[in-house]
Each structure stands twice: as structure tokens, then as C-alpha cells.
Amino acid sequence: MTEQMVNRNGVELCTESFGNPADPAILLIMGAQASLVWWEEPFCQRLADAGRFVIRYDNRDVGRSTTFELGNPGYTFEDMADDAIHILDAYKIERAHIVGMSMGGIITQIIALRHPERVRTIGLLATSNFAPDLPPMEEKIVQFFSNVEELDWEKEQDVIDFSVAKWKVLVGSRHPLDEQRTYELVTAEVKRSRKMANINNHALIPGSEPYLARTAEIAVPALVIHGTEDPIIPYPHGVALARTIPGASLVTLEGTGHELPQGDWDVIIGAILQHTQEGGGTAKQAASIRKR
């Protein structure tokens with residue numbers, strides 16, 4: 001693993017890479033309020049060991065990347081999509097496979113529409129185009145985050161405890177939460193963050209709607225992976241997304257929530273490798289694959 005700070009017009013983006021730069025590149029984009037640590041090192045290394053050059057990074061306002069004014073970030077989803085392209089430029093990568101989870105999947109869709117010449121394929125995990133007829137998040141999520149304003153973000157242990165509790169709400173029934181590993185990842189995230197409170201800026205980012213209304217125009221090969229027990233972005237969102245993007249494939253994770261549990265890594269990594277192999281990622285793939 002090698003760290004590289006990428007500077008884009010005064011915005012620093014913390015990136016880490018795995019594998020041989022000569023191999024096909026996969027850029028991993030994590031979701032809202034989550035730093036690069038949630039693309040776990042062993043996950044990234046498995047992709048690298050299979051012949052991919054893997055880059056993970058901290059979005060704005062998380063991890064070691066630049067933070068903005070709390071409550072008034074002043075940047076858009078278009079800016080975040082352009083950040084990804086700037087990272088590719090910094091690594092001298094002409095075209096890459098882009099894989100995004102949750103908010104990272106929104107950014108990935110925007111990249112596919114805004115910069116299609118830089119994209120080989122896209123992978124969309126636990127994300128959506130948020131069409132108006134799709135179901136809302138579960139009430140338990142609304143209830144959990146209703147208390148976030150009471151959290152003292154200056155108290156490190158309180159933030160760690162809150163974050164671990166959050167993951168307990170996000171998981172599905174198939175894979176029990178590894179609380180020790182989750183605690184370790186949350187602690188690492190808190191300790192490497194410039195300012196943890198700034199993760200809340202991600203709820204204020206504008207600019208996605210014009211692009212999400214155009215997902216049917218995405219012209220690069222797409223893989224959709226979604227859990228049937230996702231409480232934030234319910235499973236019908238993934239089904240609808242796969243139906244909307246021409247030729248997209250759908251991998252269904254039975255009993256999985258809004259998470260990347262190690263128990264699903266064989267399926268997820270296998271699907272990504274198949275999708276990103278030379279000649280892969282086409283409509284020749286099965287339109288819907290259910291994994292149990």
C-alpha cells in the first residue's frame with residue numbers, strides 16, 4: 001500500500017494504492033460520511049493480487065482530505081466527480097474501472113455521464129438513482145440519526161461509540177457484525193480524520209439530480225450489487241438501477257444490509273473481477289445473479 005496526496009486547485013485528496021500500476025486500474029469511491037478505511041486493506045489487496053491496480057481515497061470532508069466550512073461546504077457532486085478524474089490524472093491513468101458504494105455510487109454515475117471517455121466500466125454498490133417511485137429508507141435509520149445533533153464531536157470516544165452503533169443499525173441478518181473489527185476501523189477513521197464533525201457536510205452537497213435523472217443514458221458497462229436488507233437504500237433501488245442502465249448486470253446479496261461484510265467478499269470481489277476483466281463487463285453477463 002502506498003499513500004499519495006493529490007492536490008487539485010488547493011484541495012488535498014488523500015489516496016492509497018495497491019498493486020502494479022501497469023495493471024488495469026480500479027478506482028474505489030466510498031459513501032457519505034465514510035473514509036477510505038471502509039474499503040478494507042485485505043479487500044483491496046485481494047483485487048490487487050488478482051491483477052488490478054487499486055486506488056482508494058478520502059472524499060472531501062472525510063479522513064485526511066481537505067475539510068470545508070462546517071454547514072456550508074460550498075462544493076457540488078460535480079466537483080466530487082471531477083476530483084476522481086483528477087486522481088486518475090495524478091496517477092497517469094487514461095481510463096479506469098470506477099466502483100462506488102452508496103454516495104460513491106452516485107459520484108460514479110455522474111462520472112460515467114460527465115467523463116465517459118475516462119471510464120472502462122462502473123460498479124455500483126448499495127446505491128440508487130433515487131427515482132421518485134422508489135421506497136424510502138427504513139424508519140429505524142431515521143430514528144437513529146435523529147439524535148446526531150446531541151453528539152459532541154470533540155469527544156473522541158463518544159464519536160467512536162456512535163459510529164459503532166451506526167453500523168449495528170446498517171447490517172443485515174445474514175452476517176453478524178464483527179464488533180471488534182468495526183471498532184478497530186472506526187477508531188482508525190477517527191484518529192486519522194482532520195475533523196470528524198465535517199462528515200456531516202456530505203448531507204448538504206447539491207448537484208446530483210440532473211445526472212441521476214439521466215442514468216438511462218449511461219453507455220459504459222455497469223454492474224449493480226445490492227443487499228436485500230439494505231435499510232438506507234432498499235433493495236428495489238438496486239433492481240431499478242440495473243433495469244434502467246442499458247445492459248447492466250445485477251448481483252443480489254441475500255440478507256445483506258448497507259455494508260461490505262467479509263462474508264460477502266468472495267461474491268463481491270468475484271463479480272468485480274469478472275466485470276473488469278478484458279472482454280468482461282458486457283451485456284453478455286447474466287442480467288440478474290442471486291447469491292445466497
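**Exercise 1. Strand 2 and its partners**

Work out in which sense strand 2 and strand 4 pair, and over how many bridges.

*Solution.* Start with the terms: strands (E, at least two residues) and helices (H or I, at least four residues) are DSSP runs, numbered from the N terminus. Two strands pair if DSSP finds at least two bridges between them. Strand 2 and strand 4 are joined by 4 bridges and pair in the antiparallel sense.

Next, turn to strand 1 (residues 2-8), which runs antiparallel to strand 2 with 7 bridges between them. Here Asn7 has Glu12 of strand 2 as its bridge partner. The hairpin of strand 1 and strand 2 has 2 residues between the strands, and Asn9 takes a positive phi near 50 degrees there.

A word on the model: it is predicted, so local features need pLDDT of at least 70 and side-chain atom pairs count only at pLDDT 80 or more, while totals for chains, interfaces and linings use all residues. Residues are numbered from 1 along each chain as its sequence is written, and side-chain values use heavy atoms, with hydrogens and water left out.

**Exercise 2. The surroundings of strand 4**

Find how many residues of strand 4 (residues 53-57) are buried, and then trace how the chain reaches this strand from strand 3.

*Solution.* Buried means under 20% relative accessible area, exposed means over 50%, and partly exposed lies in between (1.4 Å probe, protein chains only). By that rule, 5 of the 5 residues of strand 4 are buried, so the strand is largely enclosed by the rest of the structure.

Now sort the side chains. In a regular strand they alternate between the two faces of the sheet. In strand 4, Phe53, Ile55 and Tyr57 point one way, Val54 and Arg56 point the other way, and all are buried.

Leu28 stands opposite Arg56 in strand 4. From strand 3 the chain passes through helix 1 (residues 41-49) to strand 4, a right-handed β-α-β crossover. Right-handed means that, with the strands pointing away from the viewer, the path from the first strand over the helix to the second runs clockwise.

**Exercise 3. Two cysteines**

Count the disulfides, taking a pair of cysteine sulfur atoms within 2.5 Å as the rule.

*Solution.* The count comes to 0 disulfides. Cys14 is in no disulfide, and its nearest cysteine sulfur, that of Cys44, is 13 Å away. Cys44 is likewise in no disulfide, with the sulfur of Cys14 at 13 Å. As for accessibility, Cys14 is buried at a relative accessible area of 0%, and Cys44 is buried at 0% too.

**Exercise 4. Helix 5 and helix 6**

Compare the span of each helix with the expected one, which is 1.5 Å times one less than its number of residues, and find what covers the buried residues of helix 5 and helix 6.

*Solution.* Take helix 5 (156-170). Its 15 residues reach 21 Å from first C-alpha to last, close to the 21 Å expected. The buried residues of helix 5 include Val159, Phe162, Trp167 and Leu170. Helix 4 (139-145) and helix 6 are among the elements covering the buried residues of helix 5.

Now take helix 6 (residues 179-192), where 14 residues reach 20 Å, close to the 20 Å expected. Among its buried residues are Leu185, Val186, Val190 and Arg192. Their cover includes strand 2 (11-18) and helix 5.

Finish with Lys168, which lies in helix 5 and counts as partly exposed at 45% relative accessibility. Leaving aside neighbours within four places in sequence, Lys168 is in contact (heavy atoms within 4.5 Å) with Leu177 and Glu179.
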